[in-house]
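Here is a short briefing on aromatic pairs and on one residue in a strand. Take a look at the model first, then read on.

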Amino acid sequence: MLSHRRTAILALLLVATGSLVFTTGAAVVNGPTDTFAEDRLAVQPAEGPNGDYAYLNDDDEIVVDVSPTNPNLDPDFRGVNPETLASAEGVFTITYTADEYARVWIEHEGEAVTFVSGGDSVEGEANNVTLAPNETVAVGLRIDTRGEVAGTQLGADDFSIRAEVAEPEDVSDSSPSSLGGGGGGGGLSTTVRSPAVDERRFVASGARSGESVEFDADRMALDGGNVTMDRLELTGVPGGSLELNAAGSPDPFDGASALDTPTEPRSLAYLSLRYDFDPDEIDGMTLRFSADSGYFDRSGVDPENVVLYRQTDAGAWEALPTEVVGDETARERGLPADRVHFRARTDDFSTFAVAEEVPHLTVTDASLDATTAAPNETVTVRATVQNGGGAGGERSITLTADGAAVATERVALEPNGSTTVDLTGRFETGGEIALAVDGVSAGRLVVENPATDVDSEATEDDPGTPDDSAAVGGADATGTPAADGNPSAADDLSGTAADVEGNAGSAGALLEPSGIDLVELGGLVLFVAIAVAFVALARRMPRS
């Protein structure tokens with residue numbers, strides 16, 4: 001197995017002024033080619049505007065030069081701005097001319113500059129490109145100047161192109177893999193500037209009509225590190241140049257309205273986009289954002305309920321299709337494992353809000369099955385519960401009597417769901433009670449007083465007994481005439497009793513107004529007579 005290396009010159013200068021603008025309309029380079037590996041690999045500047053960043057020196061060696069020393073660039077070019085993310089596809093090409101297969105990759109020690117093909121790194125053997133006979137791969141640059149200062153030379157002074165012939169058994173029978181494709185380079189260039197942690201300036205130039213353009217937002221803060229925008233992709237661009245400015249905030253932007261929808265979601269962050277193109281000329285946009293897993297745990301946010309909303313021209317908010325990026329996909333893309341990653345697609349541009357759909361279970365109606373009840377009788381209150389939120393959930397509802405809790409039931413509902421719940425209670429004390437379920441009145445319930453027995457104060461004697469006859473002058477209880485032939489006193493008594501209100505037909509004794517009955521009066525008279533006789537006898541007794 002043969003292995004070959006070509007060392008080339010890399011020059012990138014960081015400047016304080018000017019901007020990284022990849023020129024358009026440059027001449028196609030058809031000059032000599034840098035060859036190595038026994039002339040089986042040919043390296044030359046790519047066709048297209050970004051090919052101006054590469055040239056062959058006097059020794060016919062490839063040079064990648066993004067600095068004022070590059071003779072192909074405008075004399076006013078000074079280098080790359082600080083705090084910028086920039087990329088240029090198709091700076092130079094590598095073509096394999098032999099009859100075998102070869103694996104090609106770049107070795108480079110600098111961290112600020114990455115060699116890419118098709119947006120993916122080709123640095124290191126693990127990221128090699130397999131080339132078939134006469135296949136070409138275009139190689140570009142991705143430059144990160146964040147944290148650098150003006151005047152800095154970026155990257156190492158050189159880089160190496162490594163090539164290794166692939167053994168036949170190591171090559172698939174299918175079409176060989178290629179990270180960049182063939183054909184000699186493209187003209188798309190992108191730059192990303194970071195004026196602040198929550199702002200980005202995206203610029204693309206040299207785009208072909210219908211092409212897709214991706215920008216790395218590098219976790220632009222929407223709510224600090226809690227919620228960030230990571231990447232933005234435009235599909236079906238009209239071609240040429242376009243610019244897009246993004247800003248993030250945990251709160252609504254000045255002069256803009258807050259997220260407000262019937263489902264009442266919980267807003268997490270806001271994103272504003274300003275642009276210099278007609279959105280109708282672009283097929284769509286994919287936004288990739290992420291959130292810190294610990295922040296979600298502390299805040300009780302369910303990732304499955306996170307949705308990206310867009311504000312319409314009329315001021316309303318509409319939910320966009322939003323999905324969680326699976327763990328396996330996140331690992332394949334090299335995304336941080338301590339964050340939850342999302343993607344959402346939209347066909348329109350505006351202000352956006354990252355939000356969590358939450359449940360809103362509320363009691364909308366309550367009613368009694370009866371308005372009166374006996375003590376300790378079971379009373380049922382029926383309540384209607386609805387979930388007006390955008391997520392399923394559950395909660396407890398409580399029946400109260402004059403504000404005091406009586407019964408509680410747990411209710412679970414899906415979004416837009418509704419159900420009825422019966423709550424019961426019993427009440428011992430009589431009176432009127434106000435019943436409600438979670439503050440919604442069910443009405444007033446009257447609880448009856450317990451039944452009580454009132455003892456009669458009258459004496460219940462049996463009329464017409466011998467004692468009664470004797471008490472009324474010897475008449476019997478049946479009303480027969482006395483020995484003198486006159487009606488008995490019992491007849492007079494029964495007639496009198498019948499005339500007394502409240503005692504008609506009563507067998508109770510009739511009391512004289514004095515409160516003393518006739519029997520008691522006779523005894524009193526006898527006692528007085530005995531007392532008088534005793535006094536008279538005492539006066540007649542001789543005195544010594």
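Phe289, Tyr295, Phe296 and Phe342 form one aromatic cluster in this predicted model. Local features here need pLDDT of at least 70, side-chain atom pairs count only at pLDDT 80 or more, and totals for chains, interfaces and linings use all residues. Residues are numbered from 1 along each chain as its sequence is written, and side-chain values use heavy atoms, with hydrogens and water left out.

**Aromatic pairs**
- The structure holds 11 aromatic pairs, where rings of Phe, Tyr and Trp (its six-membered ring) pair if their centres lie within 6.5 Å, and planes under 30 degrees apart count as stacked, over 60 as edge-to-face and the rest as tilted.
- Phenylalanine 277 and phenylalanine 349 make an edge-to-face pair, because their ring centres are 5.6 Å apart and their planes stand at 80°.
- Phenylalanine 277 lies in the loop between strand 19 (266-275) and strand 20 (284-292), and phenylalanine 349 in the loop between strand 24 (339-346) and strand 25 (351-356), so the pair ties together parts 72 residues apart in sequence.
- Strands are DSSP runs (E, at least two residues), numbered from the N terminus.
- Tyrosine 295 and phenylalanine 296 form a tilted pair, with 5.9 Å centre to centre and 40° between the planes.

**Burial**
- Phenylalanine 277 and phenylalanine 349 are both buried, meaning under 20% relative accessible area (1.4 Å probe, protein chains only).
- Tyrosine 295 is buried at 11% relative accessible area, and phenylalanine 296 is buried at 3%.

**Threonine 235**
- Threonine 235 sits in strand 17 (residues 227-235) and counts as buried at 15% relative accessibility.
- Apart from neighbours within four places in sequence, threonine 235 is in contact with Glu211, Ser212, Ile282, Asp283, Gly284 and Arg345 (heavy atoms within 4.5 Å).

Note on methods:
Helices (H or I, at least four residues) and strands (E, at least two) are DSSP runs, numbered from the N terminus. Buried means under 20% relative accessible area, exposed over 50%, partly exposed in between (1.4 Å probe, protein chains only).
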